Amino acid sequence: FFVFLVVCVAAMDSPMIEPDPIPGRWQALQQVTKREAKLPFIGTNWSPSCCHEDLRILVVGAGGLGCEILKNLALSGFRTIDVIDMDTVDLSNLNRQFLFRLGDIGKPKAEVAAAFVMKRVPGVQIVPHFCALETKPDEFFVGFNLIILGLDSVKARTWITDKICSLINWTCVDGNTAEADPSTIIPMIDGGSEGFKGHVRLLYPTLTASFRSTMYLFPPQVQFPMCTLEHVPRLPEHCVAYISQAEWPKEHPGEKLDGDNLKHVQWVTERAQARAAQFGIQGVDYRFTQGVVKNTIPAIASTNAIVAAACVNEALKLATGCNRAINNFTVFNGSSAHQGMYSATYPLAVDPDDPQAGAPAILDVDPSWTVADFIDRALLNQRISHCPNSALPVLKSREGLQLTRGSRKILAAGALAALTSGNESKLLLSFLQHEDFLTIQSPELGSVDYVRVMIRVRSP
């Protein structure tokens, strides 16, 4: 199913591309992509194809993983690629991000990487985007057939996977269930690395475990108690953290500490060294300080290459049908205490309570309901007749409740609550349409965090 979905979407939606400027260069690759075989996961003779040339791929991130991913995509015959990254080239990138040179320092990573690969591999078209993901409209994302994530941020992964899940079109089937339009499901391949360790996973919205439901796989970000930083520092990072968190705001009120600013990092380094000497701590230098300030993840070029290669191999398999895709999470550990190097693949179980893993609830509402009526009658006092399936939660309190349609807050909580309090007296349908989607957030939902419901207007 995974294979045919991507191929069909590519055939329908992708723009025509120019003929290959170097005919015959893909002969070795075609030994894999064009051979006929009876594959056990398809159950019949199936001829893979090179239609991956027509796929539109979005690469998120042009750093250590992104550079490798872009190079591998281009050398695997993918010819229509976009890359988005909001960062610029830094001196510390040059040991592993091989698309950059000394003269590129300070330039946008996406633009430099795109230009380098297009010069090296004639015929590939890479469109760079030097901006944050959040600045792109929905129309930007729906134009892609496959998205590959080369990120070092859990927050960014969460945002993009939430966004792609929100773009799925659902329709009512048999009156009581919602069914996804397969052409609106965009597969994602997520790669990550840290030191000698890495992972590759296939994220298929509504079918595989979502990113949100598996965030337990990522260790929590290390945070130091201020009492330790102030009174009993024991590590060099304690000294840097104290200067950057306590001293910088005092000396530079209103100015944000920039880990890429030479003067900022030097200021912190000098004071952190003095504090380290006071407590008999060694190991504070400029590079170490910058790593702590930027929360730099340990990076090894070879690990990036392994993870990126696996990501692009999975993209090739999805696009051509030449082999089975991973199911659905692969880990790589190059520093195993017992074996030295270890790798394994296993399926991440789908959480039945995960709002991104299945169809949304369908809620019948009266056209005369206000937002307050919806809360009172559907959320705080749910009636079966209002909700044909049972995915809608029954809440005990309004506290912390938030209602959102797309990016528009209908009801906010916390500091923004006062800005939307007047919406409770307005008709719910002044914010929504028939078979529109509403996102419900409440502290009572716990780890699920939110649910999405399809609003269906009752006939008078």
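Visitor: Hi! In the hairpin of β14 and β15, which residue takes a positive phi?
Guide: That is G406, with phi near 60°. The hairpin has two residues between its strands. One thing to keep in mind as we go: this is a predicted model.

Visitor: Thanks. How many bridges pair β14 and β15, and in which sense?
Guide: There are three bridges, and the pairing is antiparallel. Strand β14 covers residues 402–405, while β15 covers residues 408–411. If you want a spot to look at, R405 stands opposite R408 in β15.

Visitor: And which residue in β16 is the bridge partner of Q402?
Guide: Q441 is the partner there. Strands β14 and β16 also pair in the antiparallel sense, again through three bridges.

Visitor: Let's zoom out. How many helices and strands does the chain have?
Guide: The chain has 13 helices and 17 strands. It is 460 residues in all, and 48% of them count as buried. Among contacts with a separation of 6 or more, 63% are between residues 24 or more positions apart.

Visitor: Which residues have the most contacts inside the largest nonpolar core?
Guide: I57, L73, F78, I81 and I189 do, in a core of 50 residues. Several elements supply at least two residues each, including β3 (56–60), α3 (64–75), β4 (80–84) and β6 (146–150). Helix α11 provides the largest share, at eight residues. As background, nonpolar side chains tend to be buried together in soluble globular proteins.

Visitor: Take L73, then. Leaving aside neighbours within four places in sequence, what is L73 in contact with?
Guide: Its partners are I57, V59, F78, I81, I148 and V312. Three of those names, I57, F78 and I81, are also among the residues with the most contacts inside the core.

Visitor: What does the second, separate core include?
Guide: That one has 23 residues, and A361, W369, V451 and I455 are among them.

Visitor: Back to β4. How many bridges join β4 to β5?
Guide: Five bridges join them, and the strands run parallel. Strand β5 is residues 125–129. V83 has P128 of β5 opposite. On the way from β4 to β5 the chain passes through α4, and this β-α-β crossover is right-handed.

Visitor: New topic: aromatics. How many aromatic pairs does the count come to?
Guide: Five. Take F141 and W159: their ring centres are 6.0 Å apart and their planes meet at 55°, so the pair is tilted. F141 lies in helix α5 (residues 138–142) and W159 in helix α6 (residues 154–166), so this pair ties together parts 18 residues apart in sequence.

Visitor: Is F141 buried or exposed?
Guide: F141 counts as buried, at 0% relative accessibility. W159, on the other hand, is partly exposed, with 24% relative accessible area.

Visitor: Which residues do the ring pairs link into a cluster?
Guide: F140, F141, F144 and W159. There is also a charge to look at here: K136 lies over the face of F140, 4.8 Å from the ring centre.

Visitor: And over which ring does the charged end of R275 sit?
Guide: It sits over the ring of Y242, 3.9 Å from the centre.

Visitor: What about E270, where does that lie?
Guide: E270 is in helix α9, residues 262–278. Its relative accessibility is 43%, so it counts as partly exposed. Between E270 and I243 the C-alpha distance is 9.7 Å, with 27 residues separating them along the chain.

Notes. Residues numbered from 1 in each chain as written. Predicted model: local features only at pLDDT ≥ 70, side-chain atom pairs only at ≥ 80, totals over all residues. Heavy atoms only, no water. Phe/Tyr/Trp six-rings, centres within 6.5 Å; stacked < 30°, edge-to-face > 60°. Helix = DSSP H or I, 4+ residues; strand = E, 2+ residues; numbered from the N terminus. Buried < 20%, exposed > 50% of the residue type's maximum accessible area, 1.4 Å probe, protein only. Lys NZ or Arg CZ within 6 Å of the ring centre and 35° of its normal. Core = buried A, V, L, I, M, F, W, Y, C linked by side-chain atoms within 4.5 Å. Contact = heavy atoms within 4.5 Å. Pairing = 2+ DSSP bridges. Right-handed = clockwise from strand over helix to strand, strands pointing away.
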